[in-house]
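I set out these entries in the order in which I looked things up. Each entry takes one topic and records what I found.

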Amino acid sequence: MSPLNPDRITATAPETLGAMALMIRRCSNCAALLSPLASTCTSCRSTTLEWVPSCGEGAIVSWRMVYRVPPDRRLEEWAPSQIAIVALDEGPWVYTTIEGEIPQSSDKPVRVRFEPGPSSGGFPVFATTATSRRAPDNLLPGRMSAPHPSRSHHGLL
């Protein structure tokens, strides 16, 4: 199994033609697709996982507004931040930050983009997108590790 390294969650992969991609895990034994934080396959219990690029699109399963102190501000300057669980189109769920407005309709997809981060790669955040720009189906061979979630649970995180 490739060790969990936060820098691997975002990477440029040959499959993405040099563009930044959100990386997820794929079981080498059964080809199940898993979240970036997975260390064991939920389908077959294998610990042999590899990193593969995701299409970077999905839907918000749940979200919540939280308040935090940004690193460049004083302690008394709290700022709102939207955290969410996003179900990627490939199946895995990721914990993330949502930039911009939360869509009123669950039919509106969200897409990953990358903010400068403290590590060498970018920090993945999701934002709503008007149209789907899904990657080709052959980018990620394998099967989903979980059924696609109901998209009616907004605001329950």
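Entry 1. I began with β4, which is mostly covered: four of its five residues are buried. I take buried as under 20% relative accessible area, exposed as over 50% and partly exposed as in between, with a 1.4 Å probe and protein chains only. Strands are DSSP runs of E with at least two residues, helices are runs of H or I with at least four residues, and both are numbered from the N terminus. I then looked up the pairing and found that β2 and β4 run antiparallel over five bridges. Two strands count as paired if DSSP finds at least two bridges between them. Within this pairing I noted Met 23, which stands opposite Pro 53 in β4.

**Entry 2. Basis of the values.** I record that the model is predicted, so that local features need pLDDT of at least 70 and side-chain atom pairs count only at pLDDT 80 or more, while totals for chains, interfaces and linings use all residues. Residues are numbered from 1 along each chain as its sequence is written, and side-chain values use heavy atoms, with hydrogens and water left out.

**Entry 3. The chain as a whole.** I counted zero helices and ten strands. Read along the sequence, the pattern is β-β-β-β-β-β-β-β-β-β. Of the 157 residues in the chain, 41% are buried. For contacts I used heavy atoms within 4.5 Å. Among the contacts with a separation of 6 or more, residues 24 or more positions apart account for 55%. The chain exposes about 8800 Å², of which carbon and sulfur atoms supply 54%. Accessible areas come from the Shrake-Rupley method with a 1.4 Å probe, and for residues only the protein chains shown count as cover.

**Entry 4. Salt bridges.** How many salt bridges does the structure hold? I found three, where the term requires a side-chain nitrogen of Lys or Arg within 4 Å of a carboxyl oxygen of Asp or Glu.

Arg 26 counts as buried because its relative accessibility is 14%. Glu 50 has a relative accessible area of 30% and is therefore partly exposed.

I then turned to Arg 111 and Glu 57, whose side chains form a salt bridge at 3.4 Å, N to O. This pair also joins distant parts of the chain: Arg 111 is in strand β8 (residues 110–116) and Glu 57 in strand β5 (residues 57–68), 54 residues apart. Glu 57 is buried, with a relative accessible area of 1%.

The side chains of Arg 113 and Glu 115 meet at 2.3 Å, N to O. Both are partly exposed, Arg 113 at 34% and Glu 115 at 28%.

**Entry 5. Cysteines.** I looked for disulfides, defined as pairs of cysteine sulfur atoms within 2.5 Å, and the count came to zero. Cys 30 is in no disulfide, and its nearest cysteine sulfur is that of Cys 41, 3.6 Å away. I note that this distance is too far for a bond. Are the two residues buried or exposed? Cys 30 is partly exposed at 21%, whereas Cys 41 is buried at 0%.

**Entry 6. Ser 81 and Met 65.** I placed Ser 81 in strand β6 (residues 79–88). Ser 81 is buried because its relative accessibility is 9%. Leaving aside residues up to four places away in sequence, Ser 81 touches Arg 64, Met 65, Val 66, Arg 68 and Thr 97.

Met 65 lies in strand β5 and is partly exposed, at 34%. Together with Tyr 67 and Trp 78, Met 65 forms a nonpolar surface patch with about 360 Å² of accessible area. Patches are made of residues with over 30% relative accessible area and no salt bridge; like charges are joined within 9 Å, and nonpolar side chains (Val, Leu, Ile, Met, Phe, Trp, Tyr) within 5 Å.

**Entry 7. Positive phi values.** Most residues other than glycine have a negative phi. I noted Ala 31, with a positive phi near 70 degrees, in the loop between β2 and β3 (32–34). Ala 31 is partly exposed at 24%. Arg 45 also has a positive phi, of about 70 degrees, and lies in the loop between β3 and β4. At 61% relative accessibility, Arg 45 counts as exposed.
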